[in-house]
Amino acid sequence: MKILLNRLKVSDISLILCCFSLHFLIAIDMLIIVPFSASIALDTGTSSAQAGYLTSAYALAAAAICLRVKGAKSAHKELIRLIALLVGITLTTLLTPVLNDFGLILLARAITGVFGGALAVINLNFMLLATSKQSKQSKRKNTAVLLSAFPLALALGVPLLLSATSATNWQLGFQLLGGGFTCLLILFALYQDSAGAESTASLAPALSTSEPPATHKALRFALLIITSAVVSTFIVSTQYPVMLITTLNIPDSLLSWCYTVSGIGSFLAIQAYARVSLKNRSINHVITLLSIAMLVAIHLGFSTLEVVYAAITFIVFVIASSARTLIITTELISSLTVNDQVKMIGLQGAVQHFSVGLGSTISSTLITLGSDLSPDFTQVITVATALIMLTPILWWRNSGKETHSSDKPQSANSK
């Protein structure tokens with residue numbers, strides 16, 4: 001056991017694996033309520049029409065807490081907060097399956113959302129602080145790996161949990177999740193006991209050095225880019241399945257397969273990005289190409305009558321849009337100073353939650369009915385096209401500003 005703890009103390013890989021596992025479980029906890037909500041409503045004697053409140057309770061609570069949580073600059077302090085929040089989410093997750101009242105379950109999900117949203121912020125910030133001595137490329141890689149937990153949870157985690165619970169035993173699902181959180185709680189507690197003193201001594205001086213104050217203008221522009229990327233994605237992604245179901249009558253098995261393939265594809269795409277060292281100009285081109293791929297996918301997919309062909313374009317859109325959002329978020333977070341970074345981690349979480357709701361709302365208002373009362377997605381495609389291309393335009397502008405500012409010190413030194 002001592003050998004294991006000593007290895008854990010010095011191994012960044014072990015720490016990153018624990019942080020990734022925590023992000024993975026948080027994502028499953030947030031997503032699994034969607035298939036479980038109908039069963040919960042029926043079991044508690046509530047109308048299935050109110051099942052959606054269980055999903056929104058978690059999302060709204062998580063978005064609100066992301067605006068309030070501020071990351072610390074000490075890895076040891078962040079680890080203590082992480083463990084405290086992990087205790088909270090473990091207890092609320094294990095409490096949920098023993099409740100029999102819909103209102104109490106709704107409250108439990110909202111409280112779980114508070115813990116989950118805060119944990120997502122603290123977990124990412126802790127990993128960046130604990131690996132602060134690594135190069136910028138390594139920090140970029142670690143951030144990308146952590147953020148890729150969401151598509152993997154969607155593609156593998158949720159289906160596996162549904163399979164384990166036979167899709168109806170929602171109580172067992174939350175018990176398994178609570179067990180997973182418990183295991184991670186033990187691992188993080190062991191890490192604190194074995195490495196807390198040394199990490200405090202070694203990391204605190206490195207992060208206490210003076211640096212420029214947070215640049216609010218740069219931070220706002222970064223958040224604008226993320227908002228543009230997420231809104232332009234969810235304007236389409238919420239209506240793509242609607243089109244496949246209502247217009248093309250896609251089989252449920254094929255639609256489920258689309259989500260699995262697109263989730264795995266998104267995970268592999270971000271893993272490939274994390275392992276390749278790209279210059280700023282190359283990143284610009286990647287984001288532009290992914291935006292073009294999104295445009296091609298929606299224009300071909302929404303205009304075809306072939307189910308399989310439309311399903312393929314849907315997969316392409318999901319992979320391209322997910323990879324684009326994750327790359328943009330990773331690049332922005334890893335390029336900021338510590339002062340801006342701790343603010344950005346929390347704000348981007350809140351912005352993503354609110355942008356999902358905004359994009360879904362906009363898309364619903366843009367749909368019109370045709371002469372045969374079938375939905376017409378023409379306005380959705382038009383607005384989505386403009387917003388999708390707005391993202392690379394904003395990104396290129398931001399990249400140009402960074403290049404210009406980084407050239408100034410060099411020219412001054414040359415003189």
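1. In this predicted model, helix H3, which spans residues 33–43, has Ile33, Phe36, Ser37, Ser39, Ile40 and Ala41 as its buried residues. Just beyond the end of H3, Gly45 adopts a positive phi of about 70 degrees.

2. Is Arg109 buried or exposed? Arg109 counts as buried, because its relative accessibility is 0%, and the cut-off for that class is under 20%.

3. Helix H6 itself covers residues 102–130, and its 29 residues reach 41 Å from the first C-alpha to the last, which is close to the 42 Å expected at 1.5 Å a residue. At the start of H6, the backbone nitrogen of Gly103 has a side-chain oxygen of Asp101 within 3.0 Å.

4. The packing of H6 against helix H4 (residues 52–68) can be described through their axes, which come within 7 Å and cross at roughly 35 degrees, the crossing being right-handed. On the H4 side the contact is made by Tyr53, Leu54, Ala57, Tyr58, Ala61, Ala62, Ile65 and Cys66, while the H6 side contributes residues including Phe102, Ile105, Leu106, Arg109, Ala110, Thr112, Gly113, Gly116 and Val121. By class, the residues of this contact of H4 with H6 divide into 15 nonpolar, four polar and one charged.

5. Ile89 is classed as buried because its relative accessible area is 0%. The C-alpha atom of Ile89 is separated by 9.5 Å from that of Thr182, although the two residues are 93 residues apart along the chain.

6. Turning to the whole protein chain, there are 16 helices and two strands, and 49% of the 415 residues count as buried. Among contacts in the chain with a separation of 6 or more, 84% are accounted for by residues 24 or more positions apart.

Key:
Residues are numbered from 1 along each chain as its sequence is written. This is a predicted model: local features need pLDDT of at least 70, side-chain atom pairs count only at pLDDT 80 or more; totals for chains, interfaces and linings use all residues. Side-chain values use heavy atoms; hydrogens and water are left out. Buried means under 20% relative accessible area, exposed over 50%, partly exposed in between (1.4 Å probe, protein chains only). Helices (H or I, at least four residues) and strands (E, at least two) are DSSP runs, numbered from the N terminus. The expected span of a helix is 1.5 Å times one less than its number of residues. A polar contact is a pair of N or O atoms within 3.5 Å; within protein, one must be able to donate a hydrogen and the other to accept it, and residues adjacent in sequence count only if both atoms are side-chain atoms. Axes are lines fitted to C-alpha atoms, for helices over the stretch in contact, and angles run from 0 to 180 degrees between N-to-C directions. A crossing is left-handed if the near helix is turned anticlockwise from the far one by less than a right angle, and right-handed if clockwise. Contact means heavy atoms within 4.5 Å. Ala, Val, Leu, Ile, Met, Phe, Trp, Tyr, Cys and Pro count as nonpolar, Asp, Glu, Lys and Arg as charged, and the others, Gly among them, as polar.
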